[in-house]
Amino acid sequence: KKVDDSILNNSKIILINSILFFIGWNGIMLLGADFPPPSGYIWMAILIAVLDYIQYKYLRSFLIELRRDKKKSFIDNTIFFLIGGVAISSLILIVRLNLMLSQPFVDWITFIIVVTLVGVIYGVLFWIFNYILVKYFAK
């Protein structure tokens, strides 16, 4: 019974995360976009959908680890989002290479640091949010 509840609760937590991630990040990006958003915004929405899918897959193992070992899950989670921030910033630099080549190298590094910091901050908030959800659904 306990295992079945845990699996059902994980499914609920994953669904909550997936919906809030997609709507939340699209909302944040749309707040910074022109109105109506430019046609190129579709690429941002696709990137958010891909990241949402990666987070969905990650949550399946993360929630198990979170229940087992809170401290280790926090460290592993922070490293995961740190690597994710570096990967996403590098991907954006590669996709926008022509634009970035016209910028000083220090701007590249600043961009990578800022996006990585956003990833790490999001990762910490992600851990806290899911810790609260796990506690809530454990009742």
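## Thr78 and its contacts

Leaving aside residues up to four places away in sequence, Thr78 touches Val120 and Val124. This comes from a predicted model. Thr78 sits in helix 3, which covers residues 70-95. The Thr78 side chain also reaches the backbone oxygen of Phe74, at 2.8 Å.

## Aromatic pairs

The structure holds 16 aromatic pairs. One of them joins Trp25 and Tyr122: the ring centres are 5.9 Å apart and the planes meet at 65°, so this pair is edge-to-face. The cut-off for that label is an angle over 60 degrees.

This pair links distant parts of the chain. Trp25 belongs to helix 1 (residues 2-31), and Tyr122 belongs to helix 5 (residues 105-137). The two residues are 97 residues apart.

## Buried or partly exposed?

Tyr122 has a relative accessible area of 19%, so Tyr122 is buried. Trp25 has 22% relative accessibility and therefore counts as partly exposed. The line between these labels is drawn at 20%.

## Phe80 and Phe81

Phe80 is partly exposed, because its relative accessible area is 32%. Phe81 is buried, because its relative accessible area is 10%.

## One cluster

Where do these rings belong? Phe21, Trp25, Tyr58, Phe62, Phe80, Phe81, Tyr122 and Phe126 form one aromatic cluster.

Technical notes: Residues are numbered from 1 along each chain as its sequence is written. This is a predicted model: local features need pLDDT of at least 70, side-chain atom pairs count only at pLDDT 80 or more; totals for chains, interfaces and linings use all residues. Side-chain values use heavy atoms; hydrogens and water are left out. Rings of Phe, Tyr and Trp (its six-membered ring) pair if their centres lie within 6.5 Å; planes under 30 degrees apart count as stacked, over 60 as edge-to-face and the rest as tilted. Helices (H or I, at least four residues) and strands (E, at least two) are DSSP runs, numbered from the N terminus. Buried means under 20% relative accessible area, exposed over 50%, partly exposed in between (1.4 Å probe, protein chains only). A polar contact is a pair of N or O atoms within 3.5 Å; within protein, one must be able to donate a hydrogen and the other to accept it, and residues adjacent in sequence count only if both atoms are side-chain atoms. Contact means heavy atoms within 4.5 Å.
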